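I opened my notebook for a look at how two chains meet and how one of them folds. Here is the entry, with the model first.

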There are 2 protein chains.
Amino acid sequence: MKKAGVTLVDVAKLAGVSVMSASRTMSGEGYVSEETRAKVQAAAKQLGYAPNAAARLMKGGKTNVIGVVVNDLTSSVVNCFVTALSEEVRKVGMDLFIYNSLGDMGSGNGARISQMLHGLWDGLVYVLPRMTDDYLETLEKSSSPIVLINYFRHETTLPVVRGDNVNGAHDAVRHLVDLGHRRIGFVRGNAYTGQSDLRERGYMSALSDAGIELDPALVYQGDFSQQSGFDGARELLALDAPPTAIFAANDGMALGVLNAIREKNLRIPEDISVIGFDDIPTAAMTQPPLTTLRHPFGEMAQAAVQELTRRIQGQPGRRQRIEFPSEFIIRASTGPAPACSTSRRSRRQRA
Amino acid sequence: MKKAGVTLVDVAKLAGVSVMSASRTMSGEGYVSEETRAKVQAAAKQLGYAPNAAARLMKGGKTNVIGVVVNDLTSSVVNCFVTALSEEVRKVGMDLFIYNSLGDMGSGNGARISQMLHGLWDGLVYVLPRMTDDYLETLEKSSSPIVLINYFRHETTLPVVRGDNVNGAHDAVRHLVDLGHRRIGFVRGNAYTGQSDLRERGYMSALSDAGIELDPALVYQGDFSQQSGFDGARELLALDAPPTAIFAANDGMALGVLNAIREKNLRIPEDISVIGFDDIPTAAMTQPPLTTLRHPFGEMAQAAVQELTRRIQGQPGRRQRIEFPSEFIIRASTGPAPACSTSRRSRRQRA
DNA sequence: TTGAAAGCGCTAACAC
DNA sequence: GTGTTAGCGCTTTCAA
């Protein structure tokens, strides 16, 4: 381990050349004779030289680094976005650094981050941000290019890449209706990000399109956690007229729903159908595999990176809002409504 | 949105003071009169001034930022460490930035990262690194403080914080033996990180301590994925003398094992017991909840950060190897060996 | 309490 | 091809 503080001057001195030749060798720009290059490289290696990034940046150059800020890295959705972003960013020859705000999206923290960003990043992406108004204001004033992914709460001047929630949820519930379900439960997430509300809107519109009246008893307030999905399903299944299908506002809660159903020894999907949202990796591996919806992570990440690089290069942003339809993924957790469903029962009553 | 490139000179000019006063105001160090301070702050706000981090760093100051490099952010274990590190780092008043190498731990990439690190981070943590020898060499030569978490492959001069794998695995298998199991399957992970081997060593030593001969047919080569756990369990259960318990080298594979068992309509743990390793969040939410082992993420993260900050402050590292015992978490996926187990059968044969 | 000057490590621009 | 000069934005001297 060499001492810190080896500078280009040291390398040049040892190699017996000028600082500029050393610089050219290290950065790979401009003409250097093979001989000089070799000498410099040898010297650099011997001294354990590492270029000082800060000094390089100071020349006003791009850092080729994009930062992404998230609230909570344990969220599968966030994870999918971050991984997709890593790949996209790499494709355009840049690097991605991730900052986990651990949920602290207060304005003080916002100021901290936007300070750190200045000069160290070429641009910033916020994934699923859940920030205070102050924070948003700080960002809007920032001089660095910024793109938000899946931000829904307020109007903003910042560019936003979004997945569609309403239509996706509508499709899902419509699918259940088409399968003959009439009593369809909904498990809400918390309101932080605004996504749960949108998904609920899709749920309601699909019901109303099908002429089914909304039964408030079938809507449970969860918090996006698996546990809350479990609790919610337990409650819904205990109703006098339990649902024959449950739509959860995210996959995490849907997993809890599956567990609760299994606990009651009901079969999926014969007795009850389940749909989630997000298509987290586990969703494909449950038993039965979960029918769900997904935002197109890859495409959204690509759009965000494109929009960001455009702005980094000083070109005008192309679009202020880029919306992607969600994909409906039908797996084995949904099936025809059971024969003993409400519709059948009502028919019997008529008879 | 203000134009980029607002500098301290601009602020000072607008405020009608010297650059130094502006600097002192912004950094909060040194004496500035209330009046000057107010003027400067007003000017800064009006111009949308943000200090240029790069320039600050160049003065050789600390950045108060620690970087963590991971291979794969989708791994739950990595995720747990990263989150724990975020918290620890924040506790000591620093910030954590995460870099996802996406599995590219070749030496070229290593050089890239260690270049970026230089000057931008005060120190680096590598979590579960799976790097080439070249890469490791680059790191060892680096002048920045570095700590590795859960690195097992080679000897290194870098400080390493490790979880114990051998004894943990030994405990787990010993537990099964105590419950009467004699035929215990093992599902290996791939060898990249060296952890699977260590866990297997614990498995073998526990068997041999109990006087059980190792049956190679009971060891399946997986790759840490849920799918491979599923495949492995299928194969083991199809044996003429199937195991009454399966120990998987990680929780992901254990989840696959659970699915395969369920698919065969066997009961857990009445017919067959399952143990995983890592205690990923889902492990507590399976049905039945998974018996497993965990590295103490929080304590390990704390140790890593402590060791790193010590080195950042120029103090000598306290220890080169810090090892933590793993915790054995008994949940409901393990139980007494079934009555029709091999031991019983052999007794019958004797009779 | 404030300001002027010097310089951090590097590279763009211009000579040689 | 190579070297010299200047300066990025900031802070650490030191002097006023």
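My notes below go from the interface to a sheet and then to the salt bridges.

**Ground rules.** I am working with a predicted model, where local features need pLDDT of at least 70, side-chain atom pairs count only at pLDDT 80 or more, and totals for chains, interfaces and linings use all residues. Residues are numbered from 1 along each chain as its sequence is written, chains are lettered from A and ligands numbered from 1 in the order in which they are written, and side-chain values use heavy atoms, with hydrogens and water left out.

**Interface.** I looked up the contacts (heavy atoms within 4.5 Å) and found 50 residues of chain A touching 48 residues of chain B. Between them the two chains bury about 4700 Å², 61% of it on carbon and sulfur atoms; buried area is the accessible area (1.4 Å probe) lost on putting two parts together, summed over both. I then asked which elements of chain A each supply at least two residues to that side. They are helices 4 (53-58), 5 (76-91), 6 (107-117), 7 (133-141), 10 (226-237) and 11 (251-263), plus strand 2 (95-100). Helices here are DSSP runs of H or I with at least four residues, strands are runs of E with at least two, and numbering starts from the N terminus.

I counted seven residue pairs in polar contact between chain A and chain B, both at pLDDT 80 or more.

**Strand to strand.** Strand 2 of chain A runs antiparallel to strand 2 (residues 95-100) of chain B, with three bridges joining them. Two strands pair if DSSP finds at least two bridges between them. Ile98(A) has Ile98(B) as its bridge partner.

**A sheet in chain B.** Next I noted an open sheet of four strands with parallel pairing, in the order 7-6-8-9. Its edge strands are strand 7 (219-221) and strand 9 (273-275) of chain B. Strand 6 (residues 184-188) and strand 7 of chain B are joined by three bridges, and Arg188(B) stands opposite Gln221(B) in strand 7. Helix 11 (residues 251-263) of chain B lies across strand 6, strand 8 (245-248) and strand 9, at about 165 degrees to strand 9.

**Salt bridges.** How many salt bridges are there over all chains? I got 24, taking a side-chain nitrogen of Lys or Arg within 4 Å of a carboxyl oxygen of Asp or Glu. Between chain A and chain B the count is zero. One that I looked up joins Glu263(A) and Arg234(A) (2.6 Å, N to O). This pair links helix 11 to helix 10 of chain A, 29 residues apart.

Note on methods
A polar contact is a pair of N or O atoms within 3.5 Å; within protein, one must be able to donate a hydrogen and the other to accept it, and residues adjacent in sequence count only if both atoms are side-chain atoms. Axes are lines fitted to C-alpha atoms, for helices over the stretch in contact, and angles run from 0 to 180 degrees between N-to-C directions.
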